[in-house]
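The exercises below lead a new reader through one protein, part by part. Each begins with a task and is followed by a solution in steps.

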Amino acid sequence: MKIIAIETHLIRVRADMGAATGEFVAASWSRLDSLFRRVVTDQGLEGWGEGFGHAVCPATRVAIETMLAPAALGQDARDIRGLHHRLAQHFHLYGRNGPLTYALSALDIALWDIAGKAAGLPLCQLLGAAPPADGFAAYASLLRYSEPKLVGEAAARAAAQGYRHIKLHEIDIPQVAAARAAIGPEMPLMLDTNCPWTVADAITMAKRLRPFDLAWLEEPVWPPEDHAGLARVRREGAIPIAAGENAAGLHDFRAQFAAGALDIAQPSVTKIGGITEVLRIAALAEAKGVRMVPHCAYFGAGYLASLHLQAALAPTAPFEHLFLDLEASPYHELVQAPGGRAHMPDGPGLGRDPDAAVLARFALSPPVTVRA
Ligand SMILES: [Mg+2]
């Protein structure tokens, strides 16, 4: 089964956080950009993947079109692990994390989608798990509102919608206090800080955050590759530590586990190298006794892939769902979490192909196809 064409679609939809927003890294959350990738085989089967994402979409797209796609054309679509290995090794000198790896992630997800379709099985079943009958508890991943009043209101809105786990993206105490006050003492509350602090500052902040009973503190240290520093925060701050969305593959996770840096491992399927790499990391995390809760800050094919991985690898963990209202999605209701629950499709592979009309209507630029 040979790969004969690879197509990329870049779309932009409006996104609504439900309030005026504070700044959040380099991205603007009034819109959401997503990169969809279609892989076509000579036997008529097609798969869809997604490469991370948001402001880096154009760079990921160039990596697909100029490097990954030409190298993947003509290869056997069934040889997922072999192709993953060859491409990762061939291109390693251009970086082990970033757009090339995001591009490889998109290809890998699409090939697993094809494998599921070829077998006539949902991806989670191919991985040895039944789809959960009633989906998963989703956690509302609130973006950065900055103003404590807005944070409290957004947390209350999420709880009223049915979410039973809430994560904040804030970097100071009053915002966390406002959320905790809004949702009460019982509901699990997580804090994702996106690498703002030195190790010393992170330890100080972790101690100040203790009264708010955080289920985890995510990425408190800059830079994310300072595993020894993160381990110190975990020991001295005495709050469970989550990280991994910015890791460079299996061996970076191995180094984090060896340093004693993590309570919760968060590989991101559109960033880390796709389903193949997440499966390796999951096996290592299990052997090391580290809990896995996949990162999912997107709504494309990576969202569906994350649902299947969650079913297979972390069925009792809450599923990350960005707390945003989207103008439209090529997956329609599948990427919503009504009542705070995420549901998976039951079709083969990822379970559903994106709606071509939505891809066309919200295209930022015409799709590009690379053929053998
Ligand atoms: Mg995060």
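**Exercise 1.** In this predicted model, determine where helix α1 bends and by about how much, and examine the span of the helix.

*Solution.* Begin with the bend, which lies at Ile64 and amounts to about 45°. Next, consider the length: α1 covers residues 57-72, and a straight helix of 16 residues would span 22 Å at 1.5 Å a residue. Between its end C-alpha atoms, however, α1 spans only 20 Å.

**Exercise 2.** List the buried residues of α1, and find the elements against which they pack.

*Solution.* First, take a residue as buried when its relative accessible area is under 20%. By that cut-off, the buried residues of α1 are Cys57, Thr60, Arg61, Ala63, Ile64, Leu68, Ala69 and Ala72; Ile64, in this list, is also the residue at which α1 bends. Then turn to their surroundings: the buried residues of the helix pack against the strands β1 (3-16), β2 (31-41), β3 (46-51) and β14 (368-371), and against the helices α2 (80-90) and α3 (99-119).

**Exercise 3.** Describe how strand β6 is placed, considering its two faces and then the strands β5 and β7.

*Solution.* Start with the faces of β6 (residues 189-192), both of which are covered: Leu189 and Leu191 are buried on one side, and Met190 and Asp192 are buried on the other. Next, follow the pairing with β5 (residues 166-168), which runs parallel to β6 and is joined to it by three bridges; Leu191 of β6 is the bridge partner of Leu168. Together with helix α6 (residues 173-183), β5 and β6 make a right-handed β-α-β unit. Then move to β7 (residues 214-218), which is parallel to β6 and joined to it by four bridges, with Glu218 of β7 as the bridge partner of Asp192. The chain passes from β6 to β7 through helix α7 (residues 199-209), and this β-α-β crossover is right-handed.

Key: Residues numbered from 1 in each chain as written. Predicted model: local features only at pLDDT ≥ 70, side-chain atom pairs only at ≥ 80, totals over all residues. Heavy atoms only, no water. Buried < 20%, exposed > 50% of the residue type's maximum accessible area, 1.4 Å probe, protein only. Pairing = 2+ DSSP bridges. Right-handed = clockwise from strand over helix to strand, strands pointing away. Expected span 1.5 Å × (residues − 1). Bend = angle between axes of the 7 residues up to and from the residue. Contact = heavy atoms within 4.5 Å.
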